[in-house]
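Here is a short briefing for you. Please have the model open in your viewer as you read.

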Amino acid sequence: MYRTIRTGSPRKPAVLVGLPTGTSRLPKSLQQLDEAHGGRLNQARRSRMFNGKIGDLVIEGDDVVLVGLGDRESLDLDAIRRIGGRLVRHLHEADLHALDVQLDLTVPESVADADATGQSLAEGMGLANWRVDFFDGKATNRSAASGTLTLTSTCRDVRGGIRRGLILAESTNEARRISATPPNICIPSWVAQQARAAARRVGLQCKVISFAEAKRLGMGGLVNVGKGSAHKPCMIVLEHRPSRPRPGQHIALVGKTMTYDSGGYSLKISNTMKGMKYDMNGGAAVFGAMIALARLKVPVHTHAVLPCAENLVSGEAYRPDDIIKMYNGVTVEVTNTDAEGRLILGDALSWTCRKLKPTAIIDVATLTGGVVVGLGHFCAGMWCRDDDLRQRVETAAQSTGERVWHLPLWEEHRTFMRARHADIWNSGPSRNAHPIQGAAFLSYFVDEGLPWTHLDIAGVSAVEKQDDLHVVGPTGFGVRLLAEVVARSGA
Ligand code: BES
Ligand code: MN
Ligand code: ZN
């Protein structure tokens, strides 16, 4: 693994070109370059190692790198990202340190323009060049990350894309780092500290609503969920305030940030508790997206709200049967202390509506196991009753490769959450339509008519199997998606 991937103007970069499967002769667009490199492009193409399949790689001399683009029909932004991911792992082994990216010469404009080609490749490289090694100790058998990979291009648009792609990957990796930090270190105050430090670094405003303040404000959800832990809850608020914002746009991103979810008194049975350090991945995604927005200077006013707590068992913890009053005055009968995410989010959403008055809200949460059962690790569950916002999120998801699938939220679902002894309960007596219950619950805390999307990322925010872009662990799902939605708002 490289220590860093950056942009720059290296002295003698190897040229990076790509060809799809079934290329019987070097295309015109590469001929000039081939001549400049003594015919080594064509030599690489003829190599027995090269079929053009995604991930095929031939390094010819010290100045030509040829990668397979796969089948022409399936070439898309996601494929380019995956090519970047595979490439970076091989390049490090080959001890290569500088690349002149010229994939745009053979990627059809209809698939991706030069800018998008550079961005997707750099995203893939940046995402794949990450792992959890910050807890390696004296007995590790992993070699330390080493060296730098410098990317450039003779094409200006590609260079711009690479720069953006690297920033997006780095922002995603920052979310992954927070997420991978275990719950004995990553407690609410630690997250707040990380937010403050990041804000200073990239130029965001940061405010933290303390436990005492949350109590004063009547945030019954956040307070009750978090009070059972010695590490008390808080709510972190980040603001990206560009100097010349697009008028009429003010987006709020809200992320569930449970630093640990034991289930509380409705305790998770043994093997379902393991991995609940990832119950903050919604908050981490929002956090990463804010870093990206600041670093990319996206001209859209954006707030991030991270309700942050730890769900544990103690003499002070909340219990099933408690009835609590939320920030907006809605009362909730706690039927299950393991349905805690919606409680902290309810307060965050209604506080966001009342205090920030955004023009749209997107919340992101590892909310239910049900969405994992229903959709697996293939996509996030999505709820949105505003057609325009829904379409914007779906379009963004298509280009970032972070898939979402729309599920219903009807009046019947909302009625289903009504309780006997309080306004609503946090979980119905049966687990029917479980992920939808979560969304329906949250809807009681969002102003009517305000465009709002809920994303349940429980199935996609961490992987148990390595793929082209991710090692086992957090994926940072949502960082690029949220940044993309915001960047396109009002454009
Ligand atoms: N954090 C969990 C959801 C979760 C489950 C995330 C598996 C990632 C993987 C959430 O707080 C939870 O416990 N949900 C319960 C809700 C139920 C008790 C109403 C669930 O899904 O079982
Ligand atoms: Mn839970
Ligand atoms: Zn949870």
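The notes below cover a metal site and a stretch of sheet.

This is a predicted model, in which local features need pLDDT of at least 70, side-chain atom pairs count only at pLDDT 80 or more, and totals for chains, interfaces and linings use all residues. Residues are numbered from 1 along each chain as its sequence is written, chains are lettered from A and ligands numbered from 1 in the order in which they are written, and side-chain values use heavy atoms, with hydrogens and water left out.

**Metal site**
- D261 coordinates both the zinc ion (ligand 3) and the manganese ion (ligand 2), which are 3.2 Å apart.

**Burial**
- K256 counts as buried because its relative accessibility is 1%; buried means under 20% relative accessible area (1.4 Å probe, protein chains only).
- E340, also at 1%, counts as buried.

**Around strand 6**
- In strand 6 (residues 148–152), 4 of the 5 residues are buried; strands are DSSP runs of E, at least two residues, numbered from the N terminus.
- Strand 1 (residues 4–7) runs parallel to strand 6, joined by 4 bridges, and T7 stands opposite L151.
- Strand 5 (residues 98–101) also pairs with strand 6 in the parallel sense, over 3 bridges; pairing takes at least two DSSP bridges.
- L99 has L151 as its bridge partner.

Technical notes:
Donors are N, O and S atoms within 2.8 Å of the metal (3.2 Å for Na, K and Ca); water is not among the atoms, so sites may look incomplete. Buried means under 20% relative accessible area, exposed over 50%, partly exposed in between (1.4 Å probe, protein chains only).
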